[in-house]
Protein chains: 2
Amino acid sequence: MEEPRTSPLLSQIGEREAIRRLAARLGTRADVRIGIGDDCAVTEAAGSPFDWLLTSDPVIEGVHFLSDAPPGGIGHKAAGRVLSDIAACGGEPLWLLFNVVAPPDCPVRILEAAYDGAARLCSRHGAAIVGGDLARGERLEWHAFGVGRVPRGRAVLRSGARPGDTIYVTGRLGGSGFRGRHLDFEPRVREGRWLGDGGWATAMLDVSDGLAADLRRLLECSGVGARIRLPDIPVSDDARALAGNEEDARRHALCDGEDFELLFTVRPDRRADFERNWRANFELDCTAIGEMTEKKERLLAIRADGGAIPCEETGYEHFRHRTAHDRR
Amino acid sequence: MEEPRTSPLLSQIGEREAIRRLAARLGTRADVRIGIGDDCAVTEAAGSPFDWLLTSDPVIEGVHFLSDAPPGGIGHKAAGRVLSDIAACGGEPLWLLFNVVAPPDCPVRILEAAYDGAARLCSRHGAAIVGGDLARGERLEWHAFGVGRVPRGRAVLRSGARPGDTIYVTGRLGGSGFRGRHLDFEPRVREGRWLGDGGWATAMLDVSDGLAADLRRLLECSGVGARIRLPDIPVSDDARALAGNEEDARRHALCDGEDFELLFTVRPDRRADFERNWRANFELDCTAIGEMTEKKERLLAIRADGGAIPCEETGYEHFRHRTAHDRR
């Protein structure tokens, strides 16, 4: 057996490789459709017309928020990350639990305000906070766990995209840390359910680690490549305000994390029909930014002048990079 | 609105009062049978013959284990706490998720060994680890979330005990921190399911904060009092090895936490039948330690000489007490 002292460190192999190694050690059950590796785990419930979506996310002081963050935003983000994961599978969020870690000298009012932020967001999306735990620690941490459901066999996965599918993203991207949008975003629950129920999305995830990084995950899971048109990426006002010029703003839109918008693919023959129906249902932007290709192309970003840039190493990863907040 | 600076601190009001305040702020859904306040939340699974049991527990370095703890024991404890909560509701554990927090210089081998410990325990009880998250932090933390199920309407709650019910506890209590039993306990999953399926237990919880503290919770939730006979409390070998004398050992059995045994009540007219059936099914000790009484008696501990001691302030609570491990 490998001794701890000869083991690589987390910082050497990074978050994704560590998760891959850990996932390889786990058993399963016959009722687990999708385990580790998608936005949610998907499980069957005997005798029920639904599959169940299970997901968990941490929101940690110094990593996901700074110590001067508004408390309501902390709870909002903790609940919102979980709601966004469920939305990204096309699901309906139902129940949330929070493990809260707090220092003994934390004013109770801070926790109450954070819970209010979480409860308000959950209530808006029809979900309820049903339990959790409170423990002592050095920093404030919220570990959120969520359960959602989706009609049996209808969860939208990361693995369903095919060459030729059009790539869409909701909203506008980049700079979510600049003016606190990462603490006040709207998880795309209604849009995600509509995309799933209508069978529009062939694959979907939410943009948490940055468009380029998350799109690469979609490619890995689906076994395809992609071309995205840089000038078509929807750039947020935050990214523009933060950036020195348009190219810099586009880099923020491509690489920043925590937009919590939906990134998904639609079959090419349904594209026109999809866009018409989207506009009939939502005011939210939904932008076609490229197409899926054969796997060998990997991820190419096409400039305005037609030049193609391989787009391999961008986006946030725990342990290997410092956080967006550290970088400010 | 109360300003943060005038708010009481967590250390001033304690864990239970903080949870009470936070729970009062939350909304609910029609399909939530039991929210915050029991071992698990209980929700209806639409269209299925089951209710869901949802629970979450933290296992934190410096609070729930020391930095020299065997890694396998950390994972075992994280999974075991959740399995024990599900057992305490009479449920069948199904799926677990872990949010893991680790320092960047943590050897991957430590996480692998911890996952192995968790996976081994889950597998023994038929449950699967299906997801989670890995984030950066100062200390090692495992936040475990679990989903179990129980036939609809059959979850065993803390609120079902009535005056006259006999109080039982499984196993032997006390000193779980002395030789590492708190990292290597067996959650009473088979016993809990049997107690629930057979309708034997009128109320149940698992002993996590100490027999006296947890029994008081059962009394509060059921609106009853209790008398327990001190000489009948089953004392573990660990408690005896740790204690100077029998009285001290019994104090450990009454007040120490993290035994993860089941504490439950049985109707008096079923007592003989229950004890015969228990012995036919399990080798594990199951000891009658007292009876439920009218609420006005609260909790009385009866000494060998017949004297009655009111038993109000014992047992572990986060924020107000230092941990068992701190005290060593």
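Reply: In this predicted model, the residue of chain B that comes closest to the rotation axis is B:Ser48, whose C-alpha lies at 2.2 Å from it. The axis in question belongs to a rotation of 180°, with 0.0 Å of shift along it, that superposes chain B on chain A with an RMSD of 0.1 Å; the two copies are thus related as by a two-fold rotation axis. Both copies use the same surface, since 100% of the contact residues of chain B recur in chain A.

The contact itself draws 72 residues from chain B and 72 residues from chain A. On the side of chain B that touches chain A, the elements giving two or more residues include helix H1 (10-23), helix H3 (108-124) and the strands E4 (92-102), E5 (128-136) and E6 (141-151). H3(B) provides the largest share of that side, with 10 residues. Sorted by kind, the residues on that side of chain B are 42 nonpolar, 17 polar and 13 charged.

Although H1(B) has 14 residues, its end C-alpha atoms are only 15 Å apart, whereas a straight helix would reach 20 Å at 1.5 Å a residue. H1(B) also has a kink of about 75°, centred on B:Arg16. Its buried residues are B:Leu10, B:Glu15, B:Ala18 and B:Leu22, and the partners against which the buried residues of H1(B) pack belong to chain A, namely strand E4 (92-102), helix H3 (108-124) and strand E5 (128-136).

One of those partners leads on to the nonpolar interior. In soluble globular proteins, nonpolar side chains tend to be buried together. Here the largest nonpolar core has 212 residues, and those with the most contacts inside it are A:Leu96 and B:Leu96. Leaving aside neighbours within four places in sequence, A:Leu96 is in contact with A:Ala79, A:Val82, A:Cys122, A:Ala127, A:Ile129, A:Val130, A:Ala144, A:Phe145 and A:Gly146.

To return to where the account began, the C-alpha of B:Ser48 lies at 2.2 Å from the rotation axis, and the contact takes 72 residues from chain B and 72 residues from chain A.

Technical notes. Residues numbered from 1 in each chain as written. Chains lettered and ligands numbered in written order. Predicted model: local features only at pLDDT ≥ 70, side-chain atom pairs only at ≥ 80, totals over all residues. Contact = placed C-beta atoms within 7 Å. Helix = DSSP H or I, 4+ residues; strand = E, 2+ residues; numbered from the N terminus. Nonpolar A, V, L, I, M, F, W, Y, C, P; charged D, E, K, R; others polar. Expected span 1.5 Å × (residues − 1). Bend = angle between axes of the 7 residues up to and from the residue. Buried ≥ 20, exposed ≤ 12 C-beta atoms within 10 Å, placed from the backbone. Core = buried A, V, L, I, M, F, W, Y, C linked by C-beta atoms within 7 Å. Least-squares fit on C-alpha atoms with pLDDT ≥ 70 in both.
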